[in-house]
Amino acid sequence: MPASNERRRRHYVDAKVQGDLLRYLTSYWLLGLATYAAVILVYRIVPYWLAGEDQLLAAVWRDLCPFIIVSVAISPFVLISAIRFSNRFVGPMLRFRRAMKQLAKGETPERIELRRQDYWRDMADDINQVSVLLENTRSVDHDEAPRDAEELVEMS
């Protein structure tokens, strides 16, 4: 596993979690855009309607266009930042799942070393301790110890 000071090679590692995060961010962005558009429409409709002017659409477009351009321009940076941030908790979870599957098969997973900025560092320590404990148990009572999770369930 990579050392704690290495950079990640991939940031988009869990399509379910990170994809959901991107969908939520996009929906919030669209909601904000719609809210802003509604405020501008109401703000513009009332004076133009009261004044009887017919340049309403041009005025609304003039007010909305800069906001739309800027928000579309910055949205890739926001979404990329969200993916990179989410990797700090999604990446460790993937490694935990892999280690737990190995433990369930009766294998000894590699020690989990997380990067300093990752979340769930305490959980990595716990999984490492369980792995060492199981390995010690297997070496002491090799004949009596269950070889995998299914055998453990059968024994109980």
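Is Asp118 counted as buried or exposed, and at what relative accessibility? In this predicted model, Asp118 belongs to the loop between helix 2 and helix 3, and it counts as buried because its relative accessibility is 5%, which falls under the 20% cut-off.

Of the 156 residues in the chain, 26% are buried, and the chain exposes about 11,400 Å², of which 63% is supplied by carbon and sulfur atoms. When contacts between residues at least 6 apart in sequence are considered, 64% of them join residues at least 24 apart.

In soluble globular proteins, nonpolar side chains tend to be buried together. The largest nonpolar core of the model consists of six residues, namely Phe96, Ala99, Ile112, Leu114, Ala124 and Ile127. Helix 2, which spans residues 56-104, and helix 3, which spans residues 121-140, are the elements that give two or more residues to this core. Phe96, itself a member of the core, is in contact with Ile112, Leu114, Trp120, Met123, Ala124 and Ile127, when its neighbours within four places in sequence are left aside.

Methods: Residues numbered from 1 in each chain as written. Predicted model: local features only at pLDDT ≥ 70, side-chain atom pairs only at ≥ 80, totals over all residues. Heavy atoms only, no water. Core = buried A, V, L, I, M, F, W, Y, C linked by side-chain atoms within 4.5 Å. Buried < 20%, exposed > 50% of the residue type's maximum accessible area, 1.4 Å probe, protein only. Helix = DSSP H or I, 4+ residues; strand = E, 2+ residues; numbered from the N terminus. Contact = heavy atoms within 4.5 Å. Areas by Shrake-Rupley, 256 points an atom, 1.4 Å probe, with all protein chains shown as cover.
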